[in-house]
Amino acid sequence: MFVTTDDGVQLYVERRGKGIPCLYLHGGPGYWSKSFSDLAGHLLESHFEMIYVDQRGCGRSSHQSQDYSLKRLTKDIEEVRKHVEIDKFYLLAHSFGGILAVNYAKNFSEHIWGILLMNVTLNMKDSFNHQYRKGLEMLNAESLASEEMDNMMKEYQSVQMQLLERNMFFSLQFKDVKNKIHIDEIDKDFLSNPEFQKYIFSSSDYFQDFTLITEEIKQPVLVLVGKYDNAVGPEHHQDFQFPNSLVRILDTGHHPYVENPLDYQEVIIDFLNNHIKQSIIN
């Protein structure tokens, strides 16, 4: 189905499964929710009513928007919540989606049961810097990085292109690049608006350090970390300051639902069951 926002953008929304509502926020920036729903849906949909959303300008949602601001994308989540008539839900976010999740939780905390952060970045500058330095290591090259965001991104993109040319880039995301094949098969029909990613990468709004607001989020938070995740950095989560959080480190790269699906499922379901038990006790 599609949800039409108050500025006329159609967001693709899919509801599957039974249980406590959980809205999924994909990464990218500029990706979609289909690969996750196809590959991980069966792991979660017997415990959650999953709500999969393609962000504006991404995947099956409308590509006509002129507004990709953080405030607007956060508002889109709230408009989807209202449309599906759910009072409270969990947020499950991957990668870039973590930025949207913590900002929604900060502004609409009354509608959040808890947050599941899967290999997320809450500071894109820090994560890109990690990718950049890891890429240099893989290329046996020296750093030319600058502290200025524009120069840093140019240097990062230069390293990224060299890694892509040598078919090495995706080893930043996957412990075993063979796992990428499953995602590529689903993504063959993927479309996205390049203006979305262009806006995100040029906007200081998104390059803030959002780890600084984590201490304000009181709901239970599960933080999933990949031991070999060089997309966001395997130590990136150490800057998070959630007062009520559980960290679990998996033997994966950036996509645990593909690389280690059984452990991924077990950790999430255990978190859900423990949260439910605590809610009953309290």
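Predicted model: local features only at pLDDT ≥ 70, side-chain atom pairs only at ≥ 80, totals over all residues.
**Entry 1: helix 2**
I started with helix 2, which covers residues 70-83 and has 14 residues. I looked up its reach from first C-alpha to last and found 20 Å, close to the 20 Å expected at 1.5 Å a residue. Next I asked myself: how many of its 14 residues are buried? The count is 10, so I noted the helix as mostly covered, taking buried to mean under 20% relative accessible area. Among the buried ones are Leu-73, Asp-76, Ile-77 and Val-80. After the helix comes Glu-85, and I wrote down its positive phi, near 60 degrees.

**Entry 2: the cavities**
I then searched the whole structure for cavities of 30 Å³ or more and got two. Which element gives the most to its lining? It is my helix 2 again, with four residues. Leu-73, Asp-76, Ile-77 and Val-80 are all on the lining list, and so are Leu-23 and Leu-25. I sorted this lining into eight nonpolar, one polar and three charged residues.

The second largest cavity has a volume of about 70 Å³. Of the 13 residues lining it, those closest to its centre include Val-120, Leu-224 and His-237. Its lining has seven nonpolar, five polar and one charged residues.

**Entry 3: His-255**
Last, I visited His-255, in the loop between strand 8 and helix 8. Is it buried or exposed? Its relative accessibility is 6%, so it counts as buried. Its side chain makes a polar contact with the side chain of Gln-173, at 2.8 Å. Beyond its sequence neighbours within four places, I also found His-255 in contact with His-94, Phe-174 and Ile-183.

Notes: Residues numbered from 1 in each chain as written. Heavy atoms only, no water. Helix = DSSP H or I, 4+ residues; strand = E, 2+ residues; numbered from the N terminus. Buried < 20%, exposed > 50% of the residue type's maximum accessible area, 1.4 Å probe, protein only. Polar contact = N/O pair within 3.5 Å; in protein donor to acceptor, adjacent residues only side chain to side chain. Contact = heavy atoms within 4.5 Å. Expected span 1.5 Å × (residues − 1). 1 Å grid on protein atoms, 1.4 Å probe; cavity = no way out; pocket = protein on both sides within 12 Å on 5 of 7 lines; lining within 4 Å. Points joined across faces, edges and corners; volume = space filled by probe spheres on them. Nonpolar A, V, L, I, M, F, W, Y, C, P; charged D, E, K, R; others polar.
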